[in-house]
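Hello,

Here is the structure I said I would hand over. Please have a look at it first; my notes follow below.

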Amino acid sequence: MKIGIMGGTFDPIHIGHLLAGEAARDAYALDHVWFMPSHIPPHKHQAGASGTERLEMTSEAVAGHPAFGVLDIEVLRGGVSYTIDTIKELQELHPAVDFYFIIGADMVNYLPHWQGIEELAQRICFIGVRRPGFQLALNELPHYLQNKVLLADMPVVDISSTDIRERVAEGRTTRYLVPDRVHDYITRGGLYEVQP
Ligand SMILES: Nc1ncnc2c1ncn2[C@@H]1O[C@H](COP(=O)(O)OP(=O)(O)OP(=O)(O)O)[C@@H](O)[C@H]1O
Ligand SMILES: O=C(O)c1ccc[n+]([C@@H]2O[C@H](COP(=O)([O-])O)[C@@H](O)[C@H]2O)c1
């Protein structure tokens, strides 16, 4: 069994995340792709929406895809979400599964800075996808990551959660940048609106 994990802050989840998961599934015949919001992301700003809201938006986003699911393990664990801790836990729970961690080009270049990356690279492979503004420089990765980063082609989409939060705050549309159900969730809850 091969399972892809698409981890992210998902504040909010957008179609770039979904396309990356689908591209990885298609390229490497993954049985499932689990989308996993982090609790506190290791190397960036804390999320604006709560863990529960980000989990709920993620569930809305993947609804309808038979191979997509949501993993709540990091939000439930709390604290800073280091991937090495999560993978150790998942491998104990599912010893027969091969896990692949799906990341955008920005994260591929940043991999050497991840907590416990040498051990992580012994445990799993990564699947990298292209992202506008970031060059994939696989030959510059350290030796322990060589052959550990597979590539999947996806239509390049210049979308970020930052852009979506800014659009909501400015009262501009986010339709089709996020799935309709996520759009409705954000509107219903007044997420990312500027407080008067
Ligand atoms: N448009 C995109 N194309 C390809 N990969 C993406 C895209 N947006 C995000 N990713 C990847 O998805 C993962 C989770 O990203 P994250 O939740 O931090 O979204 P983000 O849009 O980068 O957020 P923010 O703008 O808040 O920093 C990361 O591996 C990131 O590289
Ligand atoms: O474990 C780490 O040191 C580490 C450092 C940076 C990012 N990650 C994971 O990579 C995924 C994408 O990160 P981000 O910051 O773009 O949301 C998310 O699941 C993070 O927990 C993990």
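**The sheet**

S2 and S3 run parallel, and three bridges join them. Keep in mind that this is a predicted model. One pair to look for here is Val33, which stands opposite Phe68 in S3. On to the next pairing: S1 and S2 are also parallel, over six bridges. There, Ile5 has Trp34 in S2 as its bridge partner.

Now the whole sheet. Six strands form it, in the order S3-S2-S1-S4-S5-S6. The sheet is open, and the pairing is parallel. Its edge strands are S3 (68–70) and S6 (149–152), each of which pairs on one side only. From one strand to the next, the twist averages 30°.

H1 packs on this sheet. It touches S1, S2, S3, S4 (98–104), S5 (125–129) and S6. The direction of H1 makes about 160° with that of S1.

Is S2 enclosed or open to the outside? Five of its six residues are buried, so S2 is largely enclosed by the rest of the structure.

**The chain as a whole**

The protein chain has eight helices and six strands. From the N terminus on, the elements run β-α-β-α-β-α-α-β-α-α-β-β-α-α. The radius of gyration is 16 Å, close to the 16 Å that the globule rule gives for 196 residues, so the chain is as compact as a globular protein of that length. Along its principal axes, the C-alpha trace spans about 50 × 35 × 30 Å.

Buried residues make up 37% of the 196 residues. Contacts across the sequence are also worth a note. Among those with a separation of 6 or more, 74% are between residues 24 or more positions apart.

**Two helices in contact**

Look next at H2 (residues 51–62) and H8 (residues 180–189). Their axes come within 8 Å and cross at roughly 145°. On the H2 side, the contact is made by Glu53, Glu56, Met57, Glu60 and Ala61. On the H8 side, Arg181, Val182, Tyr185 and Gly189 take part. By class, this contact has four nonpolar, one polar and four charged residues.

**The two ligands**

Which residues are closest to ligand 1? They are Gly8, Gly16, Gly104, Ser161 and Thr162, out of 18 residues that surround the ligand. H1, S4, H5 (105–110) and H7 (161–169) each supply at least two residues of this shell. H1 gives the largest share, three residues. The shell around ligand 1 divides into seven nonpolar, eight polar and three charged residues.

Ligand 2 has 15 residues around it. Gly7, Thr9, Thr83, Trp114 and Gln115 come nearest. S1 (2–8) and H4 (83–93) each supply at least two residues of the shell. By class, the shell around ligand 2 has six nonpolar, eight polar and one charged.

**Backbone points to check**

Most residues other than glycine have a negative phi, and most peptide bonds are trans.

- A cis peptide bond joins Asp11 and Pro12, with omega at about 5°. Pro12 sits in the loop between S1 and H1 (15–28).
- Ala29 is not a glycine, yet its phi is positive, near 50°. Ala29 lies in the loop between H1 and S2 (32–37). How many C-beta neighbours does Ala29 have inside 10 Å? There are 7, so Ala29 counts as exposed; the cut-off for exposed is 12 or fewer.
- Tyr192 also is not a glycine, and its phi is positive at about 65°. Tyr192 is found in the segment after H8. With 18 C-beta neighbours inside 10 Å, Tyr192 counts as partly exposed, because buried needs 20 or more.

That is the set of findings. Over to you.

Best wishes

Note on methods:
Residues are numbered from 1 along each chain as its sequence is written. Chains are lettered from A and ligands numbered from 1 in the order in which they are written. This is a predicted model: local features need pLDDT of at least 70, side-chain atom pairs count only at pLDDT 80 or more; totals for chains, interfaces and linings use all residues. A residue is near a molecule or strand if its C-beta atom, placed from the backbone, lies within 6 Å of it. Helices (H or I, at least four residues) and strands (E, at least two) are DSSP runs, numbered from the N terminus. Ala, Val, Leu, Ile, Met, Phe, Trp, Tyr, Cys and Pro count as nonpolar, Asp, Glu, Lys and Arg as charged, and the others, Gly among them, as polar. Axes are lines fitted to C-alpha atoms, for helices over the stretch in contact, and angles run from 0 to 180 degrees between N-to-C directions. Two residues are in contact if their C-beta atoms, placed from the backbone, lie within 7 Å. The radius of gyration is taken over C-alpha atoms; the globule rule is 2.2 Å times the number of residues to the power 0.38. Two strands pair if DSSP finds at least two bridges between them.
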